[in-house]
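Hi there,

Here is the structure I promised to pass on. Have a look at it, and then read on for what turned up.

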Amino acid sequence: IHRLDDSVVNRIAAGEVIQRPVAAVKELIENSIDAGATSINVVIKDGGLKLIQVSDNGHGIRYEDLPILCERHTTSKLSTYEDLQTIKSMGFRGEALASMTYVGHVTVTTITEGQLHGYRVSYRDGVMEHEPRPCAAVKGTQTMIENLFYNMTARRKTLQNSNDDYSKIVDLICRFAIHNVNVSFSCRKHGANRADVHTVSNLDAIRSVYGVSVARDLMEIEASDNDPSRSVFKMDGYISDANHAAKKTTMVLFINGRSVECSALKRTIEVVYAATLPKASKPFIYMSIVLPPEHVDVNIHPTKKEVSLLNQESLVDTIQYAVESKLRNSNTTKMFHVQTLYSSPSGLPSTSKDPQISSSPPSTKLQKVPIHKMVRTDSQDPVGRLHAYLKNKPLGENGKKSDLTSVRNAVRQRRNPKETADLTSIQELLADIDCNTHSGMLDIVKDCTYIGMADDTFALLQHSTRLFLVNVVNLSKELMYQQVLRRFAHFNAIQLSDPALTELMVMALKEEVSQSDGHGDVGLHERIAEMNAHELKGKVEMLQEYFCIHIDQQGNLSKLPVILDQYTPDMDYVPEFILSLANDVNWNNEMECFQGISAALGNFYAMHPPLLPNPSGAGLQFYRKDINQELLLEAESAWAQREWTIQHVLFPSMRLFLKPPNAMATDGTFVQVASLEKLYKIFERC
């Protein structure tokens, strides 16, 4: 064992304190705030590797302090270890400036109040390179770091992406700007005339930094506790409401004025949002927590980005309750911001060559799209679908425009339960759905345009420049299965007219025999049906509690679950469903039992073709043999209702909820029939 040279020790320590350029900027900004600055300007070159310059209008550095300014463990913030218990300043160790001089070239220009001129001095390895030189200066201090990590080759090579580091610096300054309402901040790249960040006040800072879309969705929050046995603190800030939608959580946290991270608090708030708001929205959070200084240990991390709190669990619980209460009180309305679409009056592409007539705002520069990649419709625009070119038929009760509007509104507001079931088997089944989701088909499902029905089973849909045939029976069956698992134990009910289980099963058994051209024993059918009905009666409580399938003591089926809002299944398939429930479910294994019941419900609720032949297709021959006007009208109504439901209920719900499994890529559920790019190649050859 041997004692390391001081230069080696200092360089190792410097690499730990100044891990990236953003760490140096953070230390310098905190020094400026400690100096009482009301204006802080930051200039960055090459992500901070070439240049970091921080200027402030604070009280400056005395001439007598300049010789030891950058020595390790020299500070004006404390004198004894006990001072840490009541520390209120950002810095306290006296390591930051010293560390910068070991990994970069540091120049300090400063002037104190009442002096006629300032002083400039350069530092290297913790000591002055020359005596302080008089110079012209403005009030405050300017610290400049050049060639950061010039002597740490490996570190410098890992930080070559200057844009990434600059964005981290901008994010850091934004956080300080939101909290320090009495300090104006600006940040720009070296040589740029315009600042990328320029803030003046709290909410204005949020609006200018994070955008109007974030600022308008924020609500003020406060919480406090003054019980010494539990916790003593005061918190205020802003959190996002139900209208905010983001891909990741943004949390700006200050504890006693110090920008820190608290993973426990962050996780707790994310859980509250996931349980309270739809789609597990990612929140925006700004919180400022003030505690007695003796309740905070600031000396647990080299870069001071984490602190340890006394009674942290109690503090987190109190804030969690405040956030949850605020969200629930604000979750009664949902705001949709409408954007004006500029298009030709007919909704079709404009063919006018008059330069004075334009379908887009004059200030908008349209990007030219290659003709073979132009998409005429999008998933949000109803114009141009197949039904728009067909003759309008008289609408029945289910086809009124007011009904269509109400259904569309219901579809937009559709949400699954806020909390999923706690049963491990359901969680595993849902996890299996997530793991087996086909990412390519998920993109198709989320952003497709319904065109129309190609035949009794397949629908046409468009995604980008491709045309697909989709098996609506398979699609709806999978959607219903997934929805049963997601709504497990949280169903609304469909009231039935109490059909008897035994009668339903006898009907299903007779149907099976007739399809196999056999002659079944009626007595045998009844005995089998009674045995199966007895089996189901023994599962009444579980079926009712978890799946909202109500069977009374007389053996009557009285209620079925609502799996998809605004949709009722075809009751002609009830007998087949009851028989499947009795025969195809493994009641001895919890996971297989839930999976079997969910699959049976999914098959029953799937959008099968009606039992009556389609009068618009080959089934017309059936009605010509025996003209029955009532039967014909019933068939036309059933088939029209099914197509309407597929367009206005199935496909919008599919975009919201369906996660297509990998098997759908190969089982014929999705079949690509045309591609615009390939069609153009064919036309070019012709």
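Cys435 is exposed, at 64% relative accessibility, where exposed stands for over 50% relative accessible area, buried for under 20% and partly exposed for anything in between (1.4 Å probe, protein chains only). Cys187, by contrast, is buried at 0% relative accessibility. The cysteine sulfur closest to that of Cys187 belongs to Cys174, and at 8.3 Å it is too far away for a bond. Searching the whole structure gives zero disulfides, a disulfide being two cysteine sulfur atoms within 2.5 Å of each other.

A word on the source: this is a predicted model, so local features need pLDDT of at least 70 and side-chain atom pairs count only at pLDDT 80 or more, while totals for chains, interfaces and linings use all residues. Residues are numbered from 1 along each chain as its sequence is written, and side-chain values use heavy atoms, with hydrogens and water left out.

Now the overall picture. The protein has 21 helices and 23 strands; these are DSSP runs numbered from the N terminus, with helices (H or I) of at least four residues and strands (E) of at least two. Of its 686 residues, 45% are buried. Among contacts (heavy atoms within 4.5 Å) with a separation of 6 or more, 71% join residues 24 or more positions apart.

The largest nonpolar core has 71 residues, and Phe547, Leu557 and Phe651 touch the most other members. Another core, of 58 residues, lies apart from it and includes Cys70, Ala96, Val106 and Tyr286. A nonpolar core here is a set of buried Ala, Val, Leu, Ile, Met, Phe, Trp, Tyr and Cys residues joined through side-chain atoms within 4.5 Å.

The search for salt bridges (a Lys or Arg side-chain nitrogen within 4 Å of an Asp or Glu carboxyl oxygen) found eight in the whole structure. One of them pairs Asp165 with Arg20, with the closest N and O atoms 3.0 Å apart. Asp165 sits in helix H5 (residues 162-179) and Arg20 in the loop between H1 and helix H2 (21-34), so this pair ties together parts 145 residues apart in sequence. Asp165 is buried at 2% relative accessible area, whereas Arg20 is partly exposed at 27%.

Asp434 and Lys659 also meet in a salt bridge, at 2.6 Å from N to O. Because Asp434 is in helix H11 (residues 424-435) and Lys659 in the loop between helix H20 (629-657) and strand S23 (670-675), the pair links parts that are 225 residues apart in sequence. Asp434 is partly exposed at 43%, and so is Lys659 at 29%.

Two more spots for your tour. Glu220, in strand S10 (residues 218-227), is partly exposed at 46%. Leaving aside residues up to four places away in sequence, Glu220 touches Gly237, Tyr238 and Lys326.

Finally, Leu4, Val8, Val9 and Ile12 make a nonpolar surface patch of about 320 Å². Patches take residues with over 30% relative accessible area and no salt bridge, joining like charges within 9 Å and nonpolar side chains (Val, Leu, Ile, Met, Phe, Trp, Tyr) within 5 Å. Ile12 belongs to helix H1 (residues 6-17) and is exposed at 53%.

Best wishes

Key
Areas by Shrake-Rupley, 256 points an atom, 1.4 Å probe, with all protein chains shown as cover.
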